[in-house]
Amino acid sequence: MHEYSIVTALLEQCEQHAIANQAGKITKVVIKIGVLSGVEPALLATAFETFKLEGRAREAELEILHQELVLECQACQSTHTIKERSVICPSCHSYETRIIEGEELLLMQLELETDE
Amino acid sequence: MCKDCGCSITRDHSHEHDHHHDHSHDHSHEHDHSHAHGHSHHHDHGTVRSNPQLNDKKTLSVIHKILDKNDHEAAHNRAHFEAHNITAFNLMSSPGSGKTTLLEHLKEYTDLNYGVVEGDLETSRDADRLTAKGIPAFQIQTGSACHLDAFMVHDALHHVDLAPLDICFVENVGNLVCPASYDVGTHYNIVLVSVPEGDDKIEKYPVMFRKADLVLITKADLLQHFDFSVEEARAQVKRLNPEAEVITTSIKDGDSMRAVVEWLNSHRSV
């Protein structure tokens, strides 16, 4: 259940952005979770609803962008979005690939309401 | 000076911060990682677009790693190890795969001085076991936390005399899920899977095995009693993480223990 610690880190970051932008309220938080990030989106969403209540994000909506695994093959120069948990190139079966997306855990966007 | 704890490694923001990144650039094998981190700071206050319909609303585009603070602290820990010429290894597995047992017996096969930072929810039993063997160990009791993070390891490092050490192990909380998401500031990850657990654990916990630099199949002396296919396990690791090495070990087989020591020696990068 490390989703709780991740949400704590996320809310801390949101709070800092809100302060830097003189915003009293955060209305929306957009994050991106890779399938191989090790984070369960549903648990994270539950944790967010529980922990957001204390700060500027208390009414914020959480939007989660799910990122599939994207491989770039060094051997045949192709790029593939794949469903299985494997780094083998589906075209040329090479192991010389690089995961370019699918392992990330990112805060992407915030919607803020500024103090007037 | 580290302002939180007074250690000699800086982690101040602003200018010191940049310096710090250059440092991890040179020494850390998580190069891309640190770089992305530095980059994200340029986006810190994001691009602000006013929403034409609602004047007091704005959308802030940020691309910021959520575990940024932990990663920053992890780089700080790595620099701390490097200042003492220590290579650090993060040991991860389910509870009972043989992490502590491996560390207890490794001493018989190597002259390298090693210390251990232990993570468990409760008790200092593991650190006591190691201390009894003359291995310096410090226990972190996480309470209910399911993983170690870079901050916990940082605090623990202040209780360990690093000067005489060649290598330092961080024995993570027994768990094949959560520890995989946290960089604790070691140089390499070693993931253990024991024969009684079954060869399917690799496929079931891909994030963890993806993080491994070395996979140890432990308790290999039990292979004759279980349907564990070493070949299948190796194939699964290769599918996920072709660069990881796999070594089959048993504390009762000296040759396999020497193979582990050899791997550790060949990865002493600092």
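How much area is buried between chain B and chain A? About 3,100 Å², of which carbon and sulfur atoms give 58%; buried area is the accessible area (1.4 Å probe) that two parts lose on being put together, summed over both.

Before you click on, note that this is a predicted model, where local features need pLDDT of at least 70, side-chain atom pairs count only at pLDDT 80 or more, and totals for chains, interfaces and linings use all residues. Residues are numbered from 1 along each chain as its sequence is written, chains are lettered from A in the order in which they are written, and side-chain values use heavy atoms, without hydrogens and water.

**Stop one: the interface.** Select Lys58(B), Ile66(B) and Arg239(B): together they supply 24% of the area that chain B buries against chain A, more than any other three residues. In total, 32 residues of chain B are in contact (heavy atoms within 4.5 Å) with 35 residues of chain A.

**Stop two: a salt bridge.** Show Arg210(B) and Glu103(A), which form a salt bridge with their closest N and O atoms 2.8 Å apart. The term means a side-chain nitrogen of Lys or Arg within 4 Å of a carboxyl oxygen of Asp or Glu. The interface has two salt bridges by this rule.

**Stop three: helix H6 of chain B.** Select residues 150–157; helices are DSSP runs (H or I, at least four residues). Ala150(B), Val153(B), His154(B), Ala156(B) and Leu157(B) are buried here, that is, under 20% relative accessible area (1.4 Å probe, protein chains only). They lie on the same side of H6(B) because they cover an arc of only 165° around the axis, taken from the directions from the helix axis to the C-beta atoms.

Notes
Buried < 20%, exposed > 50% of the residue type's maximum accessible area, 1.4 Å probe, protein only. Helix = DSSP H or I, 4+ residues; strand = E, 2+ residues; numbered from the N terminus.
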